[in-house]
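Here are my notes on the model, as numbered points. Please read them beside the sequence and the coordinates.

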Amino acid sequence: MKRLLLCVALVVGLAGLWNTGPAYAAGKTDQQANAPQTPPAATTGAPGYVGSETCLTCHAEIGKSFATNPHSKLALMHNGKGITCESCHGPGQAHVEGGGDITKIFLPSKATAKQVDATCLGCHAAVHPNFQRSPHAKAGLSCISCHSVHAPQTEQALLKLPQPTLCMSCHTDVKGSFDMPFHHPVNEGGIRCTDCHDAHGTFQGSNLRITADQNMICTKCHMDVRGPFVYEHAVVKGEGCMACHTPHGSQNARLLNMPSINTLCNQCHSQVSADSIHGMGAGSQELTPCTGCHTMIHGSNINAAFIR
Ligand code: HEC
Ligand code: HEC
Ligand code: HEC
Ligand code: HEC
Ligand code: HEC
Ligand code: HEC
Ligand code: HEC
Ligand code: HEC
Ligand code: HEC
Ligand code: HEC
C-alpha cells in the first residue's frame, strides 16, 4: 500500500512539474507543487487528473453551489473540457486515492498570495494585467482577499462582501470621510468605490481608473462641467478637479477642499482679488464669494472671466 502511494505521489509530482514548469523544481511542498500556473486546457485525461465528477462524489455540497458559478459556464464549452475543480485545485488523483488526503490537494486559502494569484491569473491575466504592480498585491493581498469562489456574497463578480463594506472592512480611515456632512453617496448606494478606483491596479496613483483625460473619472457623471468651453478655467484642465475638490467627503459644501471659497481662489488669485477691478474693500471679499459673480467657475462659452 505504501509503495502504491509513493508511486502515485511520484506521478503527481511529475504531473505538477509538467504542468507548472521549472519554477516548481526541487524544494517545494506538495501544496506548492500542486498549484496550476497555466490554464490547464486539457486537464481531464492528463496524468494525475481525475475530473470533476470524481470530486463531486465526496464534495456534493460544493458541487451544488458550483452549478450556478460563472466558472461552470466554461465547463460546458470546449466539449466539456473547460474549467474543472482541478483547474484551481491542481491534479487530484493522489488526494482521491488517499481517501481525501488534504496534504495532496492545492487549497488556495492555505497557499501564499503569489500562488493564488498565479492560479487565477493563469486565466484572468488578460483582464487584470496590472494586478502584480498594484498597491494591493504589494501589500500581500491576493485575489481571495476580496473574492470567494465557493461562497460569494454578491450576484456579480463573486465578492466576499458587497461594496462598500468589502473595501471599508480594511480602509477604516477612508470610512470616516463618507460620514462627513458633505460626501459622495457611497453608503447610500449612489456611487461605488469602484466607479473611481480599480482594485486590480492601474498606471495611475491611488488605483484610480484610467480615462481618456484624468477628469473623465468625474465628468462621466458630472457632464455639465465637462466642457470643452470656449473659455476654459486653465486649472480645471491642467491640475484637474482635485485642485479644488476632495473626492470622498468634506466639512465643506460642494466637497470643496477649503472652508471658504475666497480662500480657495486666493491661493492662486490673491493679487487679482485685492485689486480695484472688483471695487471691494478689505473685508468685503469674505462676504461676497468669488463665485457669486464668477458663476461659471468650471468654464464658460460666453465670458472670459466666467461671469456668465
Ligand atoms: C474519496 C472522497 C474524496 C474525493 C473523491 C475528493 N475528496 Fe477532497 N476531500 C475529501 C476529504 C475527506 C477531505 C477533508 C475534509 C475535511 O477535512 O473537512 C477533503 C478535502 C478537500 C479540500 C480541502 C483541503 C484542506 O486542506 O482543507 C479540497 C480543496 C478538496 N478536498 C478538493 C477536492 C478535489 C478538487 C477533488 C477532485 C479532484 C476531491 N477533493 C475529491 C474527500 C474527497
Ligand atoms: C475558480 C477556482 C476554483 C474552482 C474551479 C474550484 N475551486 Fe474549490 N476553492 C477555490 C478557492 C479559492 C478556495 C478557498 C476558499 C474560497 O475562497 O472560497 C476553494 C476551497 C475549496 C474547498 C475547501 C472548502 C472550504 O470552504 O474551505 C473544497 C473542498 C473545494 N474548494 C472543492 C472544490 C470542488 C469539488 C470543485 C469543483 C466542483 C472546486 N473546488 C472548484 C477555488 C476553486
Ligand atoms: C481555468 C481558467 C480560470 C481559472 C483558473 C480561474 N478563472 Fe475565474 N473565470 C474564468 C472564466 C472563463 C469565467 C467566466 C467567464 C467570464 O465571466 O469572464 C470566470 C469568471 C470569474 C469572475 C467573474 C464572475 C462574474 O460575475 O463576472 C471572477 C470574479 C473570477 N472568475 C475570479 C477568479 C478567481 C479569484 C480565481 C482564482 C481562485 C479564478 N477566477 C480562476 C476562468 C478562470
Ligand atoms: C481589493 C479587492 C480585490 C482584489 C484583491 C481582487 N479583486 Fe477582482 N474584483 C474586485 C471588485 C470590487 C470587483 C467588481 C468590480 C466592479 O464592480 O467594477 C472585481 C471584479 C473582478 C472580475 C470581474 C470582471 C471585472 O473586472 O469586473 C474578475 C474576473 C476579477 N475581479 C478577478 C480577480 C483576480 C484574478 C484577482 C487576483 C489577481 C482579483 N480579482 C483581485 C475586487 C478585488
Ligand atoms: C483585505 C484588506 C483590503 C481590502 C478588502 C481592500 N483593500 Fe485597498 N488596500 C489595502 C492595503 C493593505 C493597501 C496598501 C496600503 C495602503 O495604501 O493603505 C490598499 C491600497 C488601496 C488603495 C491605494 C492607496 C494609495 O495610497 O495608493 C486604494 C485606492 C484602495 N486600496 C482601494 C480599495 C477599494 C476600492 C477596495 C474595495 C473594492 C479595497 N481597497 C479593498 C487593503 C485592502
Ligand atoms: C468620486 C470618486 C471616488 C470614490 C467614489 C472613491 N474614491 Fe477613493 N479616491 C478618489 C481620488 C480621486 C483619490 C486620490 C485623492 C488625491 O490624490 O488627492 C482617492 C484616494 C483614495 C485612497 C488613498 C488616499 C487616501 O485618502 O487614503 C484610498 C485608500 C481610497 N481612495 C479608497 C476608497 C474607498 C475604500 C472608497 C469607497 C468606500 C473610495 N475610495 C471611493 C476618488 C474616489
Ligand atoms: C458614478 C457617478 C459619479 C462620479 C464618477 C463622480 N460623482 Fe460626484 N456626485 C455623484 C452623485 C450621485 C453626487 C450627489 C449628488 C446629489 O446629492 O445631488 C455627487 C456629488 C458631487 C459634488 C457635490 C455636488 C453638490 O451639488 O453638492 C461634487 C463637488 C462632486 N460630486 C464632484 C466629483 C468629483 C470631483 C469627482 C471625481 C473625483 C466625482 N464627483 C465623481 C456622482 C458621481
Ligand atoms: C478652480 C476650482 C475648481 C475646480 C478645478 C473644479 N471645481 Fe467644481 N466647483 C468649484 C466651486 C467653487 C464650486 C461651488 C460653486 C458654487 O457654490 O456656486 C464647484 C461646484 C461643483 C459641483 C456642484 C454643482 C455645480 O456645477 O456647481 C460639481 C458637481 C463640481 N464642482 C464638479 C467638478 C468637477 C467634476 C471638476 C473637474 C472636471 C471640478 N468641479 C473642478 C470649484 C472648482
Ligand atoms: C490652483 C490654482 C487656481 C485656483 C484655486 C483658482 N484658479 Fe482661477 N485661474 C487659474 C489659472 C492658472 C488661470 C489662468 C490664468 C491666465 O490665463 O492668466 C485662472 C483663470 C481665472 C479667471 C480668468 C482670468 C482671466 O484673465 O480672464 C478667473 C475669473 C478665475 N480664474 C477665477 C477663479 C475663481 C473665482 C476661483 C475660485 C473659485 C479660482 N479662479 C480658483 C488658477 C486657479
Ligand atoms: C462683485 C462681483 C465680483 C466678485 C465678488 C469677484 N469678482 Fe472677479 N471679476 C468681476 C468682474 C466684473 C470682472 C471683470 C470681468 C471682465 O473683464 O469681463 C472680474 C475679473 C476677475 C479676474 C480677471 C482679472 C483680470 O485682471 O483679468 C479674476 C482672476 C477674478 N475676477 C478673480 C476673482 C476672485 C478670486 C474673487 C474672489 C476673491 C473675485 N474675482 C470676486 C466681478 C467679481
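1. Helices (H or I, at least four residues) and strands (E, at least two) are taken here as DSSP runs, numbered from the N terminus. On that basis the protein chain has 17 helices and 4 strands. The model is predicted: local features need pLDDT of at least 70, side-chain atom pairs count only at pLDDT 80 or more, and totals for chains, interfaces and linings use all residues. Residues are numbered from 1 along each chain as its sequence is written, while chains are lettered from A and ligands numbered from 1 in the order in which they are written.

2. Burial first. A residue is buried if 20 or more other C-beta atoms lie within 10 Å of its own, exposed if 12 or fewer, and partly exposed in between, with C-beta atoms placed from the backbone. Of the 308 residues of the protein chain, 19% count as buried.

3. Contacts next. Two residues are in contact if their C-beta atoms, placed from the backbone, lie within 7 Å. Take the contacts between residues at least 6 apart in sequence: 53% of these join residues at least 24 apart.

4. Ligand 1. Its shell is the set of residues with a C-beta atom, placed from the backbone, within 6 Å of the ligand. The shell holds 18 residues, and the closest are Cys55, Cys58, Cys85, Gly92 and Gly100. Helix H3 (52-58), helix H6 (85-89) and helix H7 (93-97) each give at least two residues. H3 has the largest share, 4 residues. By class there are 8 nonpolar, 8 polar and 2 charged residues. Here Ala, Val, Leu, Ile, Met, Phe, Trp, Tyr, Cys and Pro count as nonpolar, Asp, Glu, Lys and Arg as charged, and the others, Gly among them, as polar.

5. Ligand 8. It is surrounded by 19 residues, the closest being Asn215, Cys218, Cys241, Cys244 and Arg254. Helix H13 (216-219) and helix H14 (234-238) are the elements that give two or more residues to this shell. The shell divides into 10 nonpolar, 7 polar and 2 charged residues.

6. Ligand 7. Its shell has 16 residues; the closest are Asp195, Cys218, Cys221, Cys241 and Leu255. Helix H12 (193-196) and H13 each supply at least two. At least three residues come from each of domain 2 (122-207) and domain 3 (221-300), with bounds from an automatic or database domain assignment.

7. Backbone points to check. Most residues other than glycine have a negative phi, and most peptide bonds are trans. Glutamine 163 and proline 164 are joined by a cis peptide bond, omega about -5°. Proline 164 sits in the loop between helix H9 (135-138) and helix H10 (165-168). Another cis bond runs from glycine 227 to proline 228, with omega near 5°. Proline 228 lies in the loop between H13 and strand S2 (231-232).

8. Positive phi. Leucine 158 is not a glycine, yet its phi is positive, about 50°. It is in the loop between H9 and H10. Leucine 158 has 19 other C-beta atoms within 10 Å, so it is partly exposed. Arginine 254 also has a positive phi, about 60°, without being a glycine. Its loop runs between strand S3 (249-250) and helix H15 (261-274). Is arginine 254 buried or exposed? Arginine 254 is exposed, because 10 other C-beta atoms lie within 10 Å.

9. Threonine 288. This residue is in the loop between helix H16 (284-287) and helix H17 (290-293).
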